[in-house]
Amino acid sequence: EVKTNYDNLEATGGYYTVTYPAEINVAWGTEDTTANYTVETQLVPTATLKVTVAQDNAAMKNADSKELTYTLSGDTNVTGIGAFVTEEKALNIHVATADWQSVPVDAYSDTLTFTAEIVK
């Protein structure tokens with residue numbers, strides 16, 4: 001008889017990979033931009049994966065600290081991701097027209113923080 005034993009993975013819960021873009025480009029004047037990320041799991045049967053995405057600031061900033069306000073929505077707080085899946089998730093970056101019109105044309109940026117954890 002040949003059988004598997006995953007006792008060595010009980011402590012960690014298994015493996016996962018979250019793949020996200022290094023940069024998300026928002027075209028000037030565009031209200032909604034979609035960015036995708038992928039979640040792959042290979043977990044023990046009693047575990048699930050939780051992924052959260054948070055913006056560091058409520059605004060992108062230029063070199064002079066001028067702020068371009070934006071909101072992040074979509075798959076920003078995903079819980080209960082199954083034990084053996086490959087799923088694509090979507091984020092939406094929304095910049096209101098009024099916010100575009102309130103700042104000079106320049107390069108603005110912010111950082112998104114992705115956090116993933118196995119929940120048992």
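**Entry 1: a loop residue**

I began with Ser65, which sits in the loop between strand S4 (59-61) and strand S5 (67-69). Helices (H or I, at least four residues) and strands (E, at least two) are DSSP runs, numbered from the N terminus. I noted that the phi of Ser65 is near 65°, a positive value in a residue other than glycine.

**Entry 2: the basis of the values**

I recorded that residues are numbered from 1 along each chain as its sequence is written, and that the model is predicted, with local features needing pLDDT of at least 70, side-chain atom pairs counting only at pLDDT 80 or more, and totals for chains, interfaces and linings using all residues. Side-chain values use heavy atoms, with hydrogens and water left out.

**Entry 3: the chain as a whole**

Read from the N terminus, the order is β-β-β-β-β-β-β-β-α-β.

I then turned to the dimensions. The C-alpha trace of the protein chain spans about 70 × 20 × 20 Å along its principal axes. The radius of gyration of the protein chain is 19 Å, whereas a compact globule of 120 residues would have one near 14 Å. This radius is taken over C-alpha atoms, and the globule rule is 2.2 Å times the number of residues to the power 0.38.

Of the 120 residues in the protein chain, 26% are buried. Buried means under 20% relative accessible area, exposed over 50%, and partly exposed in between (1.4 Å probe, protein chains only). Among the contacts of the protein chain with a separation of 6 or more, 75% are between residues 24 or more positions apart. Contact means heavy atoms within 4.5 Å.

**Entry 4: the core**

I examined the largest nonpolar core, which has 23 residues; Tyr37, Leu49, Leu68 and Val95 touch the most other members. Such a core is a set of buried Ala, Val, Leu, Ile, Met, Phe, Trp, Tyr and Cys residues joined through side-chain atoms within 4.5 Å. Two or more residues of this core come from each of S2, strand S3 (48-55), strand S7 (77-81) and strand S8 (86-94). S2 gives the most, with four residues. In soluble globular proteins, nonpolar side chains tend to be buried together.

For Leu49, I set aside neighbours within four places in sequence; the contacts of Leu49 then include Tyr16, Val39, Val78, Ile81, Ala116 and Ile118.

Is Thr33 buried or exposed? I found Thr33 in strand S2 (residues 32-43), and Thr33 counts as buried because its relative accessible area is 11%. Not counting residues up to four places away in sequence, Thr33 touches Ile24, Asn25, Val26, Leu91, Asn92 and Ile93.

Thr115 belongs to strand S9 (residues 112-119). With a relative accessible area of 39%, Thr115 is therefore partly exposed. I noted contacts of Thr115 with Lys50, Val51 and Thr52, leaving aside neighbours within four places in sequence. Thr115 and Thr52 are 63 residues apart in sequence, yet their C-alpha atoms are 5.2 Å apart in space.

Phe84 is placed in the loop between S7 and S8. Its relative accessible area is 68%, so Phe84 is exposed. Beyond residues up to four places away in sequence, Phe84 touches Thr41 and Gln42. The C-alpha atoms of Phe84 and Leu9 are separated by 14 Å, and these residues are 75 apart along the chain.
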